[in-house]
Amino acid sequence: MTRAKKTAPSTAREFELFDERMPVRRYKLLLQAFLKRRGTGARQAIAESLGHTRSFVTQITSPAYDLAIPSNQVRAIVKLAELTSEEERIFLEAYVEAHPDRASEVYAPTHRSLSIALPDLGDAGAQARLETLIRRLAESAIASFLDEPRAQQVDDAA
(Lines give C-alpha, C1' and ligand atoms only; values in the text may rest on other atoms or scores of the structure.)
Protein backbone atom coordinates (compact mmCIF):
# COMPACT_ATOMS: atom_id res chain seq x y z
CA MET A 1 0.00 0.00 0.00
CA THR A 2 1.49 3.30 -1.02
CA ARG A 3 0.88 6.47 0.82
CA ALA A 4 0.01 9.66 -0.94
CA LYS A 5 2.58 12.35 -0.42
CA LYS A 6 1.47 15.37 1.47
CA THR A 7 2.44 18.57 -0.21
CA ALA A 8 3.15 21.74 1.63
CA PRO A 9 0.48 24.39 1.22
CA SER A 10 1.42 26.97 -1.38
CA THR A 11 2.15 30.44 -0.09
CA ALA A 12 1.50 32.00 -3.49
CA ARG A 13 -2.03 32.72 -4.57
CA GLU A 14 -3.37 29.77 -6.53
CA PHE A 15 -4.38 30.42 -10.10
CA GLU A 16 -8.04 29.86 -10.73
CA LEU A 17 -9.60 29.60 -14.15
CA PHE A 18 -12.22 32.11 -13.09
CA ASP A 19 -12.32 34.23 -10.00
CA GLU A 20 -13.89 37.51 -8.89
CA ARG A 21 -11.06 39.50 -10.48
CA MET A 22 -11.46 38.01 -13.96
CA PRO A 23 -13.63 40.85 -15.35
CA VAL A 24 -11.04 43.41 -14.20
CA ARG A 25 -8.27 41.35 -15.79
CA ARG A 26 -10.24 41.21 -19.03
CA TYR A 27 -10.53 44.98 -19.52
CA LYS A 28 -6.93 45.46 -18.45
CA LEU A 29 -5.74 42.86 -20.97
CA LEU A 30 -7.76 44.59 -23.67
CA LEU A 31 -6.33 48.00 -22.82
CA GLN A 32 -2.85 46.55 -22.60
CA ALA A 33 -3.19 45.06 -26.11
CA PHE A 34 -4.55 48.34 -27.52
CA LEU A 35 -1.71 50.33 -25.95
CA LYS A 36 0.95 47.96 -27.31
CA ARG A 37 -0.23 48.75 -30.82
CA ARG A 38 0.06 52.47 -30.12
CA GLY A 39 3.77 52.30 -29.42
CA THR A 40 6.19 52.65 -26.56
CA GLY A 41 5.28 56.21 -25.57
CA ALA A 42 1.55 55.59 -25.08
CA ARG A 43 1.72 54.92 -21.33
CA GLN A 44 4.02 57.86 -20.71
CA ALA A 45 1.68 60.16 -22.68
CA ILE A 46 -1.30 58.96 -20.65
CA ALA A 47 0.60 59.41 -17.39
CA GLU A 48 1.61 62.97 -18.25
CA SER A 49 -1.84 63.94 -19.49
CA LEU A 50 -3.56 62.60 -16.38
CA GLY A 51 -0.95 63.98 -14.00
CA HIS A 52 0.10 60.54 -12.77
CA THR A 53 3.32 58.57 -12.84
CA ARG A 54 4.05 55.93 -15.45
CA SER A 55 4.00 53.43 -12.57
CA PHE A 56 0.35 54.32 -11.86
CA VAL A 57 -0.55 53.78 -15.52
CA THR A 58 1.25 50.42 -15.43
CA GLN A 59 -0.79 49.41 -12.37
CA ILE A 60 -4.14 50.36 -13.91
CA THR A 61 -3.31 48.62 -17.20
CA SER A 62 -1.66 45.45 -15.87
CA PRO A 63 -3.81 42.44 -14.98
CA ALA A 64 -1.24 41.59 -12.29
CA TYR A 65 -2.48 44.52 -10.18
CA ASP A 66 -5.91 44.80 -8.55
CA LEU A 67 -6.03 48.59 -8.89
CA ALA A 68 -9.04 49.56 -10.99
CA ILE A 69 -9.05 52.41 -13.46
CA PRO A 70 -10.80 55.36 -11.79
CA SER A 71 -14.17 55.81 -13.49
CA ASN A 72 -13.65 59.55 -13.86
CA GLN A 73 -10.54 58.85 -15.97
CA VAL A 74 -11.83 56.06 -18.21
CA ARG A 75 -12.98 58.37 -21.02
CA ALA A 76 -9.74 60.36 -20.90
CA ILE A 77 -7.71 57.16 -21.15
CA VAL A 78 -9.81 55.97 -24.08
CA LYS A 79 -9.19 59.24 -25.86
CA LEU A 80 -5.48 59.39 -25.01
CA ALA A 81 -5.01 55.75 -26.09
CA GLU A 82 -6.62 56.70 -29.43
CA LEU A 83 -8.90 53.68 -29.44
CA THR A 84 -11.01 53.10 -32.51
CA SER A 85 -14.77 53.25 -31.98
CA GLU A 86 -14.90 49.44 -32.00
CA GLU A 87 -12.03 49.16 -29.50
CA GLU A 88 -13.71 51.78 -27.31
CA ARG A 89 -17.00 49.88 -27.36
CA ILE A 90 -15.31 46.57 -26.47
CA PHE A 91 -13.22 48.14 -23.72
CA LEU A 92 -16.11 50.09 -22.15
CA GLU A 93 -18.35 47.02 -22.16
CA ALA A 94 -15.63 45.03 -20.38
CA TYR A 95 -15.05 47.88 -17.89
CA VAL A 96 -18.76 48.15 -17.07
CA GLU A 97 -19.01 44.36 -16.74
CA ALA A 98 -16.24 44.54 -14.12
CA HIS A 99 -17.68 47.61 -12.40
CA PRO A 100 -21.46 47.74 -13.06
CA ASP A 101 -21.94 50.40 -10.37
CA ARG A 102 -19.77 52.78 -12.42
CA ALA A 103 -21.73 52.52 -15.68
CA SER A 104 -23.55 55.83 -15.23
CA GLU A 105 -20.23 57.63 -14.75
CA VAL A 106 -18.64 55.98 -17.77
CA TYR A 107 -21.57 56.62 -20.09
CA ALA A 108 -22.41 60.09 -18.76
CA PRO A 109 -22.40 62.83 -21.38
CA THR A 110 -18.93 64.24 -21.72
CA HIS A 111 -17.96 67.87 -21.83
CA ARG A 112 -14.95 69.40 -23.44
CA SER A 113 -13.40 72.66 -22.44
CA LEU A 114 -11.94 75.37 -24.58
CA SER A 115 -9.91 78.30 -23.43
CA ILE A 116 -8.99 81.34 -25.45
CA ALA A 117 -6.55 84.13 -24.75
CA LEU A 118 -8.14 87.56 -24.51
CA PRO A 119 -6.25 90.81 -24.61
CA ASP A 120 -6.23 92.94 -21.49
CA LEU A 121 -8.36 95.92 -22.50
CA GLY A 122 -7.15 98.04 -19.61
CA ASP A 123 -10.75 98.82 -18.61
CA ALA A 124 -12.42 96.48 -16.13
CA GLY A 125 -15.92 97.27 -17.38
CA ALA A 126 -15.02 96.69 -21.02
CA GLN A 127 -13.19 93.49 -20.07
CA ALA A 128 -16.26 92.17 -18.23
CA ARG A 129 -18.55 93.05 -21.18
CA LEU A 130 -16.24 91.31 -23.65
CA GLU A 131 -16.09 88.15 -21.51
CA THR A 132 -19.87 88.17 -21.05
CA LEU A 133 -20.40 88.62 -24.80
CA ILE A 134 -18.07 85.71 -25.63
CA ARG A 135 -19.66 83.48 -22.98
CA ARG A 136 -23.20 84.24 -24.27
CA LEU A 137 -22.13 83.67 -27.87
CA ALA A 138 -20.57 80.32 -26.93
CA GLU A 139 -23.63 79.25 -24.90
CA SER A 140 -25.93 80.19 -27.79
CA ALA A 141 -23.81 78.29 -30.31
CA ILE A 142 -23.69 75.22 -28.04
CA ALA A 143 -27.46 75.34 -27.52
CA SER A 144 -28.07 75.54 -31.26
CA PHE A 145 -25.93 72.44 -31.84
CA LEU A 146 -27.58 70.52 -29.00
CA ASP A 147 -31.05 71.48 -30.25
CA GLU A 148 -30.18 70.74 -33.89
CA PRO A 149 -31.43 67.11 -33.90
CA ARG A 150 -34.71 68.20 -32.29
CA ALA A 151 -35.15 71.05 -34.76
CA GLN A 152 -34.42 68.73 -37.66
CA GLN A 153 -37.02 66.21 -36.39
CA VAL A 154 -39.63 69.00 -36.32
CA ASP A 155 -38.69 70.03 -39.88
CA ASP A 156 -38.85 66.41 -41.07
CA ALA A 157 -42.29 65.94 -39.50
CA ALA A 158 -43.73 68.99 -41.26
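Colleague: Let's start with serine 62: is serine 62 buried or exposed?

Modeller: This is a predicted model, where local features need pLDDT of at least 70, side-chain atom pairs count only at pLDDT 80 or more, and totals for chains, interfaces and linings use all residues. Residues are numbered from 1 along each chain as its sequence is written, and side-chain values use heavy atoms, with hydrogens and water left out. Buried means under 20% relative accessible area, exposed means over 50%, and partly exposed is in between (1.4 Å probe, protein chains only). Serine 62 has a relative accessible area of 12%, so serine 62 is buried.

Colleague: Which residues does serine 62 touch, not counting those up to four places away in sequence?

Modeller: Serine 62 sits in the loop between α3 and α4; helices here (H or I, at least four residues) are DSSP runs numbered from the N terminus, as are strands (E, at least two). Contact means heavy atoms within 4.5 Å. With residues up to four places away left out, serine 62 touches Lys28 and Gln32.

Colleague: How are α1 and α3 oriented to each other?

Modeller: Lys28, Leu31, Gln32 and Leu35 in α1 meet Gln59, Ile60 and Thr61 in α3. The axes are 8 Å apart at an angle of about 125 degrees; axes are lines fitted to C-alpha atoms, for helices over the stretch in contact, and angles run from 0 to 180 degrees between N-to-C directions. Angles under 35 degrees count as roughly parallel, over 145 as roughly antiparallel, 65 to 115 as roughly perpendicular and the rest as oblique. The orientation of α1 and α3 is therefore oblique.

Colleague: And what about α2: how does α2 lie relative to α3?

Modeller: The axes of α2 and α3 come within 8 Å and cross at roughly 110 degrees. So α2 lies, relative to α3, roughly perpendicular.

Colleague: Which residues of α3 make the contact with α2?

Modeller: Two sets of side chains face each other here. Arg43, Gln44, Ile46 and Ala47 come from α2, and their partners in α3 are Arg54, Val57, Thr58 and Thr61.

Colleague: Which members of the largest nonpolar core touch the most other members?

Modeller: A nonpolar core is a set of buried Ala, Val, Leu, Ile, Met, Phe, Trp, Tyr and Cys residues joined through side-chain atoms within 4.5 Å. In soluble globular proteins, nonpolar side chains tend to be buried together. Of the 28 residues in the largest core, those that touch the most other members are Tyr27, Ile46, Ile69, Val74, Ile77 and Phe91.

Colleague: What is the relative accessibility of phenylalanine 91?

Modeller: Phenylalanine 91 belongs to helix α5. Leaving out residues up to four places away in sequence, phenylalanine 91 touches Tyr27, Leu30, Leu31, Phe34, Ile69, Val74, Val78 and Leu83. Phenylalanine 91 counts as buried because its relative accessibility is 1%.

Colleague: How many Å separate the C-alpha atoms of histidine 99 and isoleucine 69?

Modeller: Histidine 99 is in the loop between α5 and α6, and at 8% relative accessibility histidine 99 counts as buried. Histidine 99 and isoleucine 69 are 30 residues apart along the chain, and their C-alpha atoms are separated by 9.9 Å.

Colleague: Last one: is glutamate 82 buried or exposed?

Modeller: Glutamate 82 lies in the loop between α4 and α5. Its phi is near 55 degrees, a positive value in a residue other than glycine. With a relative accessible area of 58%, glutamate 82 is exposed.
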